[in-house]
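Subject: Structure handover

Dear colleague,

I am passing on the structure that we spoke about, and my notes follow directly below it. Please read them with the model open beside you.

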Amino acid sequence: MRRFSDNFVWGVATASYQIEGAWQEDGRGPSVWDMCCQKPGFVKEGDSGEIACDHYHHMEEDVRLMRELGIRAYRFSISWSRVLPEGVGSVNEAGLAFYDRLVDELRKNGIEPYVTLFHWDFPYALYQKGGWLNPESPDWFAEYTRVIVDRLSDRVNYFITINEPQCFVALGHDTGIHAPGLKLSRRDILTAGHHVLLAHGRAVRVIREHAVLPPQIGFAPVGNPGIPASGQERDLEAARRATFEGDVAGIYWSTAWWADPIFLGSYPKPKDSDMDEVLREFLLSVTEEEMVLIHQPLDFFGVNIYQGRTVEYADTSAGYRCVKQNVGCDLTAIKWPVTPKALYYGPKFFYERYKKPILITENGLSSMDWVSLDGKVHDPGRIDFLSRYLAEYHRAYEDGVELMGYFQWSLMDNFEWAEGYRERFGLVYIDYTTQERTPKDSAFWYKQVIERNGLE
Ligand code: PNW
């Protein structure tokens, strides 16, 4: 029996644009994802979040389902432009009321709300003013945060400011495969990223100053930890280094690029291969005052972990190299490798460096699920995957890493960004033509895990 601590939180996670739909209802303003979904070829099959899981109209049903599945906590995000259609200025009461009802409904059902303020659906009106490149963007985010805190903080303790800056900054502004679909210069990407960090700092201050209930605040970067190729000490050290430095895709993909300023008060020292004139100038332009703002005290280290990369020692200036995946290595439907040890080494390394309780804000997989002839959805692969990952997470706990909880991604199948509806990450199957919800076998399995507070 692998049991977690008594106060361990078991939850599921979703994000507004991926599930809500109702894209033009009750005064919601457009976001950059609405804009990009209209561009031919941006999303596979021309899918969009216009309807998604129609959660906006199935909210009560979805909360009831969570209660039936024994879920204790629900991490959801708020659509900024549903609440502030122009991003700033006039508040859309109907939009805000939706989240108000959601929070009430959760509380009524004994489910703890975890609010993510920003999960990528940036208001289109603010994008037209320059988006994250505009130096006013931290002010905009602070204003929006204030609206949410004033309305919800009498019933919400847990806030997560920003989800995965790696994705919406890098995929959104570098490769351009996520909204807003830009391919900017390195200097501009660094600037946008810096504004995101400042926005985080401003939001934390707003929450601390105005929250009614005592707040618990975190943020949620992607963690793509290094996994040592062997039990040798030098491979362990190589994996640790790789975890905190950029991978092949560059500096914006490293967890430390975002987490070091927030938790340690300075940008990580870039490794030689990342250092160029642009980066040097950028780092020189950052002021001490800005770093103080970014470096607000937080309560936990939230992190989304899906996979890790195997790393070994190398006699090079980097000190490590990534090991090529085995031929035919195990892959999920979205073709990400199955690497359970990411949930051991990630928490371990992040805890060592940032010294905060670890909260897995997302972990899960997409798999090939459909409703069988017996009317059920059999997803043994998901049960096996999650069992392996949770066993590793438990190993971290046994080794003394302070764990706060675990959120499975996702409650239900949903709009998987540029991949559209092809990828099914849910514990609950969604039939997008009827909006019927069918809990998969894994949902009932997860219910037992929660009841036992661990694995058999
Ligand atoms: C996350 N990686 O994105 C997002 O927070 C979710 O909105 C998304 O649906 C979910 O994971 C599944 O993709 C990630 O490369 C994107 O390791 C990429 C990675 C991890 C998470």
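A polar contact here is a pair of N or O atoms within 3.5 Å; within protein, one must be able to donate a hydrogen and the other to accept it, and residues adjacent in sequence count only if both atoms are side-chain atoms. In that sense, a polar side-chain atom of Asn163 lies 3.0 Å from an oxygen atom of the ligand, while His119 and Glu164 each place a side-chain N or O atom 2.8 Å from a ligand oxygen. The protein covers 91% of the 460 Å² of accessible area that the ligand has on its own (Shrake-Rupley method, 1.4 Å probe; for residues, only the protein chains shown count as cover).

This is a predicted model, in which local features need pLDDT of at least 70 and side-chain atom pairs count only at pLDDT 80 or more, whereas totals for chains, interfaces and linings use all residues. Residues are numbered from 1 along each chain as its sequence is written, and side-chain values use heavy atoms, with hydrogens and water left out.

Best regards
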